[in-house]
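The structure comes first, and the description follows.

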Amino acid sequence: MGKITVSLIKADVGSVAGHVTVPDELIRIAETSLLEAKENGLIEDFRVFKAGDDLELLMSHRRGEDDEEIHKLAWETFLKAAEKAREMKLYGAGQDLLSDAFSGNVRGLGPGIAEMEFTERKAEPIIAFMMDKTEPGAFNLPIFRIFADPFNTAGLVIDPSLHNGFIFEIWDIAEHKKVFMSAPEEMYDILALIGGKSRFVIKRVYPKEGKLPTDEPVAVVSTEKLYKIAGEYVGKDDPVALVRAQSGLPAVGEVLEAFAFPHLVSGWMRGSHNGPLMPVSFNHSRCTRFDGPPRVIGAGFQLSNGKLFGPVDLFDDPAYDYTRQKAMEITEYMRRHGPFEPHRLPREEMEYTTLPKVIEKLKDRFESI
Ligand code: F6R
Ligand code: MG
Ligand code: MG
């Protein structure tokens, strides 16, 4: 049957009531476009989601990563949705589509992409995570905990097929370099990098020698930084990720356990604030309070000969009520800081906002001390 590729490609092409949510009209346009591609045999299956103001296209196909036709399909789907958004006078219509010209790949044009090609196992559980009001580094903590922290993932201790650990592909998004590191052996060095989540981001995770092929990823995260593409602040880099689970990999419950702690992430209000990441149901993926707080949804599937069975709305569960309650306490606490750090991002991370203009305006009034 050959390998299967799962591609999750997203963009904010317009939303309703400011940056709160994607309206059904745009969802329908995306579904029509992907249904046509399924009927034409370009893709095996698809689902369309909204995560806050982001339109999310999940597709399975047999064309591999970075495929021109698949990327073109995503790009043209976003263009159609953006056109509708303009017609409806939605907020931020076409916002993340930073270029007019598609040249074979959506990378660098604005959309965020997480895709991986692998051999489908006898049973293949896969989870799509979609975040809003945050940045790619928001996945560092949960992905690390899933694949390297025995306090999160019991299988790392108990299951012989996980016991050797995993390989992390880490990207330096400032220097455009990557490094492969091995956990648990290099755990402290890995943490030294990925703790600095605005610069070092986990891109992929690979298994070590064992049940699964070592050259096929088991997790992938979108790492596009919009302001690095556009040269100025144009919107958020709200990230997505795909994680495979079970049978030699962390269990679905171990994957989800990593989201039980609402850790602080950056990207809230104007891309300029830290706040807790709140796991929510599909219905609650609407960013309201102070345009947030940052949220994540989880969609669970069985991939079956390329077809997607699901989704299961994984955080639609009282088991996450405590996490949400905690997130709201943290929200309250952080909001009380107003314009002060660490609610507001540190200066270096504000460079793409208006702050440099304030400093520029005052430059002649600064005296030596
Ligand atoms: C966008 C976002 C928002 C905006 C804010 C200001 O995803 O998170 O917090 O940054 O609403 O938006 P503008 O500048 O469009 O009025
Ligand atoms: Mg928006
Ligand atoms: Mg967004």
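A residue is called buried when its relative accessible area is under 20%, exposed when that area is over 50%, and partly exposed in between, with a 1.4 Å probe and protein chains only. This is a predicted model, in which local features need pLDDT of at least 70 and side-chain atom pairs count only at pLDDT 80 or more, while totals for chains, interfaces and linings use all residues. Residues are numbered from 1 along each chain as its sequence is written, chains are lettered from A and ligands numbered from 1 in the order in which they are written, and side-chain values use heavy atoms, with hydrogens and water left out.

## Metal sites

Donors are N, O and S atoms within 2.8 Å of the metal (3.2 Å for Na, K and Ca); water is not among the atoms, so sites may look incomplete. The magnesium ion (ligand 2) is held by D12 (OD), H19 (ND1) and D53 (OD), at distances of 2.0 to 2.3 Å. Along the chain these donor residues follow the spacing D-x6-H-x33-D. D12 is buried, at 2% relative accessible area, whereas H19 is partly exposed, at 24%.

The magnesium ion (ligand 3) has D53 (OD), D54 (OD), D132 (OD) and D238 (OD) as its protein donors, 2.0 to 2.4 Å away. Their spacing in sequence is D-D-x77-D-x105-D. D53 and D54 are both buried.

## Helix pairs

Two packed helices are described by the angle between their axes and the distance between the axes. Helices (H or I, at least four residues) and strands (E, at least two) are DSSP runs, numbered from the N terminus. Axes are lines fitted to C-alpha atoms, for helices over the stretch in contact, and angles run from 0 to 180 degrees between N-to-C directions. The table lists the two pairs.

| Helix pair | Axes come within | Crossing angle |
|---|---|---|
| α1 (residues 24-39) and α2 (residues 68-87) | 9 Å | roughly 150° |
| α3 (residues 140-148) and α5 (residues 187-194) | 11 Å | roughly 165° |

The axes of α3 and α5 cross at roughly 165°, which makes α3 roughly antiparallel to α5. Angles under 35 degrees count as roughly parallel, over 145 as roughly antiparallel, 65 to 115 as roughly perpendicular and the rest as oblique. The crossing of α3 and α5 is right-handed; a crossing has that hand if the near helix is turned clockwise from the far one by less than a right angle, and is left-handed if anticlockwise. N140, F144 and A148 of α3 meet M187, I190, L191 and I194 of α5, where contact means heavy atoms within 4.5 Å.

For α1 and α2 the angle is roughly 150°, which makes α1 roughly antiparallel to α2. Their crossing is right-handed. On the α1 side the contact involves E25, L26, I29, A30, S33, L34 and A37, and on the α2 side L73, T77, K80, A81, K84 and A85.

## S60 in strand β3

S60 belongs to strand β3 (residues 54-61). Is S60 buried or exposed? S60 is buried, with a relative accessible area of 0%. A polar atom of the S60 side chain lies 2.6 Å from the backbone oxygen of G306. Beyond four places in sequence, the residues in contact with S60 include I4, T5, V6, I43, E44, D45, L303 and L308, as well as G306.

## Backbone features

Most residues other than glycine have a negative phi, and most peptide bonds are trans. In this model a cis peptide bond joins G292 and P293, with omega about -10°, and another joins G310 and P311, with omega about 10°.

P293 is placed in the loop between β13 (278-279) and β14 (295-304) and is buried, at 1% relative accessibility. Setting aside neighbours within four places in sequence, P293 contacts W268, P276, M278, C287, M328 and T331. P293 and V265 are 28 residues apart in sequence, with their C-alpha atoms 9.8 Å apart in space. P311 is located in strand β15 (residues 307-313).

F290 lies in the loop between β13 and β14. Phi of F290 is positive, near 50°, and F290 is partly exposed, with a relative accessible area of 23%. N305, in the loop between β14 and β15, also has a positive phi, near 50°. N305 is partly exposed, at 49% relative accessible area.

Definitions and conventions. Polar contact = N/O pair within 3.5 Å; in protein donor to acceptor, adjacent residues only side chain to side chain.
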